[in-house]
Structure formats: structure tokens, C-alpha cells
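Keep the viewer open as you read.

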Amino acid sequence: MKQYIFYCIFNMDFCGCIWCNLFNFCKNWPSALFANVKAGRSGRMQSFKEVYEKYRGNRSDAAVAKKANLHKSTFSRIKNELIPPKRNYLWSLAMSLELTMDETDELFSSCGLCMASQYHLNGMEKEREGIIKDCIAKGKYSVVELNIRLYEAGYQLLGNKGAN
């Protein structure tokens, strides 16, 4: 564990693990901090609920949950911050809200996760997230079409509807 922490600090490559989060380190921490300061929030990071409300627009929660392929109960627990969201759910919500990569990074940061961090992911998970990022970058926000693409490649699907 000491070697891992030393690696993060020595290489200035803060990965989003619990130790990096404990010390508020992330690859994008200066830009996130300064964006909050410019917005008049004196360095306070926004909560998930605040970020979600900012990007929700005029969509209802039920519509967002349906488009994200999430059960309404799961979505409600995430929104009310009763459970910490999984990366899978955050990707699904980013697709549903049609967020850009920067906005998606803000959504991940509001949950204490780093979108760019892939140290804890295995090879298949990295490839899967690469497919998801590719769809977001190209502006293809259909969760159903993305799930078809993920299924054909043999990866876990987004959302939790239809999961056992």
C-alpha cells in the first residue's frame, strides 16, 4: 500500500483511490477547484444532487431514469444520496442527460470519483469505458444502442433494468 501511495504522489498521478480522495487529489483537481471558486462557491465541491439538477433541464426524474435504463427506486436512492452511485450508473446517467465529457467529469467528481482514473479497472473494463467515452465524444446518447454495442463486444451493459 505504501508503494502505491508513493507512486501516486511521486508521479503526480492521483487516481481517485480512497487515499487520493482522502487528500482531495485528482488529475483535474486544480481546474475543478478553480471552476468552483470562479462560480463563487469558495472551493466547495458540488454535491451529486446539485450537479444533477443543473444538467437535468426540464426533464422529469422518471424520464431520466427510463432513458438511463435505471429502476426508479435505484435512481431515487442515488439522487437522494442514500447510496453511492456505481460507475456504471454514472455513465448511464451521463448518457441520459446527454452530457459532454467535461460535464460527465463534473458528475463523477461530485460523487468523489475520477472519470479518468482507470488504475483499479481490469483490461476489459478499460475497453468498455473506452467504448462509452467514444459514444459520448461523438454525441451518440442512446443507451439502448450503446448497450447493443457493449453486448456484441461481450461487456457489461449500462443501467440495472433487466439485471438479476
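## A pair of packed helices

Start with helix α9, residues 123-138, and helix α10, residues 143-153: their axes come within 11 Å and cross at roughly 150°. Bear in mind that this is a predicted model. Two packed helices are described by the angle between their axes and the distance between those axes, so that's the pair of values to begin with. Angles over 145 degrees count as roughly antiparallel, and therefore α9 and α10 are roughly antiparallel to each other. Their crossing is right-handed.

Which residues make the contact? On the α9 side you'll find R128, I131, I132, D134 and C135, and they meet L146, R149, L150 and A153 in α10. Sort the residues of this contact by type and you get six nonpolar, three charged and no polar ones.

R128 sits in helix α9. Is R128 buried or exposed? Its relative accessible area is 8%, under the 20% cut-off, so R128 counts as buried. Setting aside residues up to four places away in sequence, R128 touches N88, L150, Y155, Q156, L157 and L158. R149 lies 21 residues from R128 along the chain, and the C-alpha atoms of the two are separated by 9.9 Å.

Now for the wider setting. The protein has 10 helices and zero strands, so reading along the sequence gives α-α-α-α-α-α-α-α-α-α. Of its 164 residues, 37% count as buried. Take the contacts between residues at least 6 apart in sequence, and 59% of them join residues at least 24 apart.

What sits in the middle of the packing story is the largest nonpolar core, with 31 residues. Inside this core, the residues with the most contacts are L93, M95, L107, L146 and L158. The largest share is seven residues, and α7 supplies it.

Leaving out residues up to four places away in sequence, L107 touches F48, V51, L90, L93, A94 and L99. L93 is also on the list of core residues with the most contacts.

You'll find T74 in helix α6, and T74 is buried, with a relative accessible area of 8%. Again not counting residues up to four places away in sequence, its contacts are I83, Y89 and N160.

Finally, have a look at two loops. E81 is in the loop between α6 and α7, and E98 is in the loop between α7 and α8. What stands out about their backbones is phi: near 60° for E81 and near 55° for E98. Each is a positive value in a residue other than glycine. How accessible are they? E81 has a relative accessible area of 44%, so E81 is partly exposed. E98 counts as partly exposed as well, at 39% relative accessibility.

Methods:
Residues are numbered from 1 along each chain as its sequence is written. This is a predicted model: local features need pLDDT of at least 70, side-chain atom pairs count only at pLDDT 80 or more; totals for chains, interfaces and linings use all residues. Side-chain values use heavy atoms; hydrogens and water are left out. Axes are lines fitted to C-alpha atoms, for helices over the stretch in contact, and angles run from 0 to 180 degrees between N-to-C directions. Helices (H or I, at least four residues) and strands (E, at least two) are DSSP runs, numbered from the N terminus. Angles under 35 degrees count as roughly parallel, over 145 as roughly antiparallel, 65 to 115 as roughly perpendicular and the rest as oblique. A crossing is left-handed if the near helix is turned anticlockwise from the far one by less than a right angle, and right-handed if clockwise. Contact means heavy atoms within 4.5 Å. Ala, Val, Leu, Ile, Met, Phe, Trp, Tyr, Cys and Pro count as nonpolar, Asp, Glu, Lys and Arg as charged, and the others, Gly among them, as polar. A nonpolar core is a set of buried Ala, Val, Leu, Ile, Met, Phe, Trp, Tyr and Cys residues joined through side-chain atoms within 4.5 Å. Buried means under 20% relative accessible area, exposed over 50%, partly exposed in between (1.4 Å probe, protein chains only).
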